[in-house]
Amino acid sequence: MGMPDAVKKCETRHFINGEFVPSSDGGTFEVKSPYNHETVAHVSEATTTDINTAVSAAKAAFPAWSALSPAARGAHLSRLAGLIQAAHEPLSHLDASCMGRPVSSYFDAASCASEFSQFAAEGWLAQGSSSLHTAGMLNLVLKQPIGVVAAIIPWNAPVIMFGMKVAPALAAGCTVVLKSSEKAPLSSLWLAMLIKEAGFPPGVVNVVSGHGRPGGEALASHMDVRCMTFTGSTATGRRVQELGAKSNLKRVVLELGGKSPSLIFPDADLAKAAVETQFSMSLISGQVCIANSRIYVHESVAEEFQAAFAKAFQEKKRGDPLDPTTDQGPQADDIQYNRVKDYLEAGKAGKGKLEFGGNVVKMEGGNGFFIEPTVFTNTPEDAKTMKEEIFGPVVHINTFKTEQEAIEKANDTEYGLYASVYTEDLSRAMRVSKALEAGSIGVNCTSPARGSDMPFGGWKGSGQGREGFAGYSLENFLETKSVMIKVSEEVKPVAVAAHLQ
């Protein structure tokens, strides 16, 4: 469909201290379309020097920004929310061009705008407390912004993640340096253009582009960064945690990978469960950490469920992600494409049954990174494809006999980001929800369903810390301080002014 106007208009340089600047060494990296492999842009690659400059700008801007009232900071966030809401089309076109996200299902701009709109008012929640429980003391607890925040966001939903990281940090009174993924940098740079248009003071938000090395590692190990918030793979999360610990023991918030289970009981609405679980696996071509890639169905209804799931999962129109009629776009790049191909081969060589799919797809007139929607059944629980995150449209459907068996299979993983249960029995739903080892549980719904005012984050290898409205994200960016005020017990006579005597 040709290169969108947004690509031609979008900045490709770093946004540092309120200005767009090239890399210190002039270096760039190439971004290619995963649909037709054409060059989309050459984007500035952050060096360690660029990271240092961005962090210095954020550090210099911190005193004035943190001193503003919540209302004054919130006014900036509100203006930005309106600009993002109006930028749905260019943002959707940029992500479609860079990483293949179909515009037909793009809700990311609205989600990002909602983050900034909500946190425009949440700065007031950064409140402490007081206590008179110690004799002779008035004790105060203060909540204060932690300082410079570094954010590293993934490529699969960069606009959503931009809002989830930056909005609460700004509301808390912190300044930010954000690094986008090298697979999808342009939408973050468009948001930087909107930040400039919204009139944010220089240095409050800085946006850099590039790979994990050197840019990401320089941020994670920077001595002036006081909090690092990261969303991405568990392997990279471990590295971020290590660098943060070895540098200045900065606070680290991690939202990592998943191998999310969905449990389908005999009394469930099978048609509804099939449609919703296949959508979870279809969204962004299965490249979502909360996708329900393991489905456990009671053996008495397995055949009926699988038929309904297969019908919905296979009814996808593959094609140009810029085409509003396209349901399934390509995998994000050759690395992701080859990774999924390797897992398909492992699955076919294993002991599970390939029900359908399992192959790459060559589109007529194109050479995009397309993978067929794929279902394996009766795969051993210890198989590689059952244990590791595939990040593609590949799902395993296994059966169970008892509730306890279903729970044990669902929990037999090092991940714990999301899980779901479909049943009409409320008691069963509560028992299973309590037993499942995951940070979020859907009952008669599955990912991407979320409660915005609920804490979001993972158990086990899926991360640490929580994000969400109602103060959950805000707390990540606040330090707690105790102030003890000694109150004299001696009652002194009140001095009377001479002219009153």
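Q: How much space lies in the second largest pocket?
A: About 330 Å³ of space lies in the second largest pocket, where a pocket is an open set of points on a 1 Å grid over the protein atoms alone, fitting a 1.4 Å probe and having protein on both sides within 12 Å along at least five of seven lines. The volume is the space filled by probe spheres set on the points, which are joined across faces, edges and corners. This is a predicted model, in which local features need pLDDT of at least 70 and side-chain atom pairs count only at pLDDT 80 or more, while totals for chains, interfaces and linings use all residues.

Q: Which residues lie nearest its centre?
A: Glu-30, Val-31, Lys-32, Asp-333 and Asp-334 lie nearest the centre of the second largest pocket, out of 16 lining residues, lining meaning an atom within 4 Å of a point. Residues are numbered from 1 along each chain as its sequence is written, and side-chain values use heavy atoms, with hydrogens and water left out.

Q: And which elements give two or more residues to that lining?
A: Those are β3 (28-32) and α12 (334-349), with β3 giving the most, four residues; helices (H or I, at least four residues) and strands (E, at least two) are DSSP runs numbered from the N terminus.

Q: Switching topic, how many aromatic pairs are there?
A: The structure holds 10 aromatic pairs, a pair being two rings of Phe, Tyr or Trp (its six-membered ring) with centres within 6.5 Å, stacked if the planes are under 30 degrees apart, edge-to-face if over 60 and tilted otherwise.

Q: Why is the pair of Phe-15 and Phe-20 called tilted?
A: Because their planes stand at 45 degrees, with the ring centres 4.9 Å apart.

Q: Are those two buried or exposed?
A: Phe-15 is buried at a relative accessible area of 3%, and Phe-20 also counts as buried, at 12%; buried means under 20%, exposed over 50% and partly exposed in between, with a 1.4 Å probe and protein chains only.

Q: Which rings are linked into a cluster?
A: Ring pairs link Phe-305, Phe-309, Phe-313 and Phe-356.

Q: Last topic: where does Lys-460 lie?
A: Lys-460 lies in the loop between β20 (440-443) and β21 (463-464), and at 35% relative accessibility Lys-460 counts as partly exposed.

Q: What joins the side chains of Lys-460 and Glu-437?
A: A polar contact of 2.8 Å, that is, a pair of N or O atoms within 3.5 Å, where within protein one must be able to donate a hydrogen and the other to accept it, and residues adjacent in sequence count only if both atoms are side-chain atoms.
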